Each structure stands twice: as structure tokens, then as C-alpha cells.
Amino acid sequence: MLDANAQETPLVQMSEIYKHFGGVHAVEGVSVDLYPGEVVGVLGHNGAGKSCLMQILSGAMIPNGGEIYVNGQEADLKSPHDAKKFGIETIYQTLALANHLDAAQNLFLGRELKTRFGNLDEARMHTEAQDALRQLNPNFKNLKDPVAKLSGGQRQVIAIARAIYFQAKVLIMDEPTAALGPSETSMVADLTLRLKDEGIGIFLISHDMHDVFDLCDRVMVMNKGRNVGTFHIEDVNKDDILSLIIKGTLPDGWAPRGESK
Amino acid sequence: MSNTNGNTKLRFLPTGSSLHKLSALLTLLLLILAFSFTSPAFLSVNNGLTVLLQTSVIGLLAIGMTLVIITGGIDLSVGSVLALSGVVAGLAIKAGVPVMPAMAFGILAGAFCGFINGLVITKLRITPFVATLGMMMIARGVALQLTGAAPISRLGEAFGQLGNGSFFRIVEMQANGFPKVIFPGIPYPAVLLVVMALIGGFLLQRRQIGRHIFSVGSNEEAARLSGVKVDRTKIWAYTASGALAGLAGMVLMSRLVTVQPNEGVMYELDAIAASVIGGASLMGGVGSISGSMIGAFIIGVLRNGLNMAGTSAFIQQIIIGIVVIGAVYIDQIRNRN
């Protein structure tokens, strides 16, 4: 049922990923793939291993086993730095912002623009950051304030701008709308669709069923560290997904619901 | 809405760290004013230069300490590393190495101690407090062991140049055949301190390493996820602190023209106090070289002024202790707002 894109090389292919902490098996033999211009929802309870799996892809965590291929090439992601080199950008649930730095300093953290002499090019970073942030939120002000002083929505905008400024090919969004109001949430939804149209592959971790059904092409459900099912979004409804999240199995007598099959 | 109005109204007033620095500067000026009244000799060119000379060692240590404190760490080993660096330089001179390379060896020894601090903290994941406390004892022990706890003297006049020489010194021969010092000159250590402070400030504000030091202290996990090499940044900061402790050791030992393996005890506390008075936060992410220099001079002026007013060394400790607590209290009030 998932062979629609079979002839194409997947943008990301994670195969048989394992991760354990002492005796706790957080991720057990999970395989998932992602194609260009596709949004794949990653669902599951808290502690089901979805954040862990995504952190492995973003280089923040090193798996105990399994392979990751980006564009068919094996990728050894030992640090977030490595992942970024493969065009994998992440919007973390915690936003990963340094509170004492301002918006531009955070946006370029780890990838600072420099002048000819190797000094920080504050002026250029500031204007670039201003452009990037205004694209997402035209009212973005207080660029020179430390981000600790900004609102949740503004902080979220910085985290998103940081991910897309550097031309991500793969975007991991970990609960991107958890801290946002309704208008900002719809802004993120529009942005997600726009990025998808540009051919970016997106992994979306979300608890919001609305978001999932509005934005995702496929969903992958995790339960107790295992992948309990990957489906086209037309083939399942909310109850099916909830059953997978809670019980780890589909309801009895389930058949694909989509017209496509 | 009223909140934003309040913000725009207050924009002309200094906020946050600049407020803290301003209050520290004001304290410094008030101290100078107060001491000028209590002792007439305080506000003289000669005494000013003495303060400069006395502060240069603490100032050099405070530069390195500030870098480390901004990463969210602390370096308790600088006083001992200072002594060990002096011993290394002294032994090298005794072994026939010329003064300049010998001093370079001394500074390298300091940098090496700092590098080990950095490795222990990042690779063995031992907290900075414990790691540098260990290094404090190890470096002191090595310094005492190498020398048998005896000072190394007769190091030659060239060794005393760095600590005792000065620029623009004007001496006039009097009719009676005795020289008269017209202007004592700007001591080399003071010039060295200014140069190192400028370099430190430049690295911290204008270079990538400085930005990364701030980010690591502000939110280590965020820095790591942003692609900052956290371990390397920390090791860099501790190595710089060790090298500056080595340089401070050269200045101090050169001033005495003798290597004292038991010099520099508790200097780390003065350096930490200077950074904290200057606005560095022990929680990390906040601090500046200029602030720490003001802090170092507050301590220097306090010591000098109290000495000249005839205050006992014990009372001096009490006063400096109160100043440190006061500075941290101001910092906390600032953070609450």
C-alpha cells in the first residue's frame, strides 16, 4: 500500500534503528522513509520513542544500531553539525534557543556569518535575520532583545526561521505549534504546506489530530519504541490512529478506508 | 500595552548588564573619592601607578576567569597554576634557558594545566568546581615538589624586567649625584593588562569563539543542538584561563625577581570576586571583560586605600567579602526584573 513512490529514491531512509538507555529500549528496530515534498506525521504517546527517533535523525542522539540514508547515501550522523551538513534541520520542542543572545545571534548560532578578517559580521547577520523573521511574522520587533524577553510565539518564529534560513532539505518539526496561538498556528500550517511545495521533506511530530489530518501525507505511529504502522492518511481515520497510539494495533476488521485502494 | 509604553520610556536609561557595569564604575569612583579624603597620599601619580601595578596580576587572572565564568564554569586552580608556571620558568632559567623562552615555557605550562582542566571537565564530565579544585592541589603540589618548597632566587636582572620595568620613565641626575625620579613611568604589567584585556574583549565580542562561549553558558543543550562544539569551546576557555594564569605568574615572580612556589594562594578568589563585581553571573551566559576590569580595580583600590588608611589586613578581608556579597545581591535583583 506504500509503493506509490517506490521508483524514486527516498530523501531519508532510516532502517532498523535501535536505541536503548541501560535496560530501557526507547527505539526498537524502527524503519521509516521520507520522500521529497512529503509530510510524514510521527505519532505516539509521550515516551513512545518518537522524539528519540527524530533526535537520532537530527544528530542529537547516536543510535545503538541501524542505518540512515540521505538521498541514497549512507549518512553517519554523529552530531547536529553532521546532520545540518546533510540539510537536515530541526525545530526542537524546547526551541533550543540561548536565552541571553538576541534573535540574530540565535538564528546564526553555530553558523555565524563572518567578515573577510574572520570577525563576526553583526550588521549582515542582523539584516538577514530581520528579513527571515519578517517573512514569517511581519510584526517581528525587538530584534536586539535577548530572546528570554520575547513571547513564546516570537521565540517559536526564531526557531522556525533558523531551520528554513539555511535551505533545509529535510525538516523535523517537533510539536511546532504547542506554544502558539490560533493565528500563529495557521501561519505554521501555511508555512508547512509552502515548504512541502518547494520539495522539502518534513517529519511532523504532533499531538494535534487536526494538524495531522490537514498537513500529513502519511502517518507513522509508534508504540513502546516500535513502529506499529505507516499509512497513507486517506487510509485511516482518527479512531484507527488512536487505537494504534493506545493499543498498538488497528481496530478489529480494519481495511484501508481510502478510495485510492 | 502599558508595558510596552513603559519600555519605550525607559529606553534611555541603561538596563541589565550596562546598568550593573555603570553602578560598578560609580562604586569605583566613589571609593577613589572617599580614599582621597582619608589619606592625602592616595590621589597621587605614584600611588595611582602602584595601584595599577598591584591590580595587574588580579586583572590578568580575572580576564581568564571571566571567560570561564561565562561558560557557566569556574576555575579555582589559577592561583596554584600561577605558582607552577613561575616554577617552570624559574627552573628553565636555572637550566640555562634565556629569559624570554623560559617565560614562554612558564605560560605554556599554565596553558597545559588549563587544557587538562578542560579535558577533565568535558571528557570525564566532572563538574568545574571539583575538577579545578583538584588541579589547584595538583599544581600547587607539583610546584612545591619541584622546588622542595624553597624559593628560586638569583635569576638575573633580565627576569625582573617584566615586573619592574616601565615605559616613559624619566629620571634626572641631581647635583648631589643622586637620581631623582620625575615620572615613575607606566609599568609594563599595566600595559600588558590593557593589551590582554583588549584582546580578551575582542575575542569575546567580535569573534565566533566569544559568541560560542556565551551560548554555552546561556544554554548548553541549545548550543549543542545548534551545532556549537561545546566541548571544544569549554576546553578553549579553560586553556585561555590557564595561559593567563601563567602570564600573571610571570608578572608576579618577575616583580619579586624570585620564584616563590607558595605565591598566589587564594588569588582565584580575588579573580572570581573581580568578575562577579563586574557583572559576570556564576550561572553563565553573562559577563564582560570591561566589567571584570572595573571589578579588579575596585578590589585593587579597596586594598590599597585601606592599607593607606592603616586598616588591618583582617578588616580588609571582611570588607571585600561584604562587597562581593553586595555585588551578587545587586545581580540577583537585576535578574528578577
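K84(A) sits in helix α2 (residues 80-85) of chain A, helices (H or I, at least four residues) and strands (E, at least two) being DSSP runs numbered from the N terminus. The model is a predicted one, in which local features need pLDDT of at least 70 and side-chain atom pairs count only at pLDDT 80 or more, while totals for chains, interfaces and linings use all residues. Residues are numbered from 1 along each chain as its sequence is written, chains are lettered from A and ligands numbered from 1 in the order in which they are written, and side-chain values use heavy atoms, with hydrogens and water left out.

With a relative accessible area of 17%, K84(A) is buried; buried means under 20% relative accessible area, exposed over 50%, and partly exposed in between (1.4 Å probe, protein chains only). Leaving aside residues up to four places away in sequence, K84(A) touches E89(A) and R111(A), along with L225(B), S226(B) and G227(B), where contact means heavy atoms within 4.5 Å.

Two of these contacts, E89(A) and R111(A), are themselves joined by a salt bridge whose closest N and O atoms are 2.7 Å apart. A salt bridge is a side-chain nitrogen of Lys or Arg within 4 Å of a carboxyl oxygen of Asp or Glu. R111(A) lies in the loop between α3 and α4 of chain A and E89(A) in strand β6 (residues 88-91), so the pair ties together parts that are 22 residues apart in sequence. Both partners are buried.

E198(A) and R194(A) pair with their closest N and O atoms 3.7 Å apart; E198(A) is exposed at 52% relative accessible area, whereas R194(A) is partly exposed at 40%. A network of salt bridges links D33(A), E38(A) and R218(A). Over all chains, the count comes to 15 salt bridges.

Turning to the domains, chain A is divided into domain 1 (1-87 + 168-261) and domain 2 (99-166), with bounds that come from an automatic or database domain assignment. Their contact takes 12 residues from domain 1 and 11 residues from domain 2. About 950 Å² is buried between the two domains, and carbon and sulfur atoms give 64% of this area; buried area is the accessible area (1.4 Å probe) that two parts lose on being put together, summed over both. A168(A), M187(A) and L191(A) supply 36% of what domain 1 buries against domain 2, more than any other three residues. Zero salt bridges are counted between these domains.

In chain B, nine of the 11 residues of helix α9 (residues 208-218) are buried, so this helix is largely enclosed by the rest of the structure. Among the buried residues of α9(B) are R211(B), H212(B) and F214(B). Their cover includes α3 (103-107) and α4 (122-136) of chain A, together with α3 (45-70), α8 (188-206), α10 (220-225) and α11 (230-256) of chain B.

The unreviewed UniProt entry annotates "transmembrane region" for several spans of chain B, including 277-301 and 313-330; UniProt positions are given in the numbering used here, feature names are shortened, and annotations may be inferred rather than shown by experiment. Residues 277-301 are 56% helix and 0% strand, with end C-alpha atoms 13 Å apart. Residues 313-330 are 100% helix and 0% strand, and their end C-alpha atoms lie 26 Å apart.
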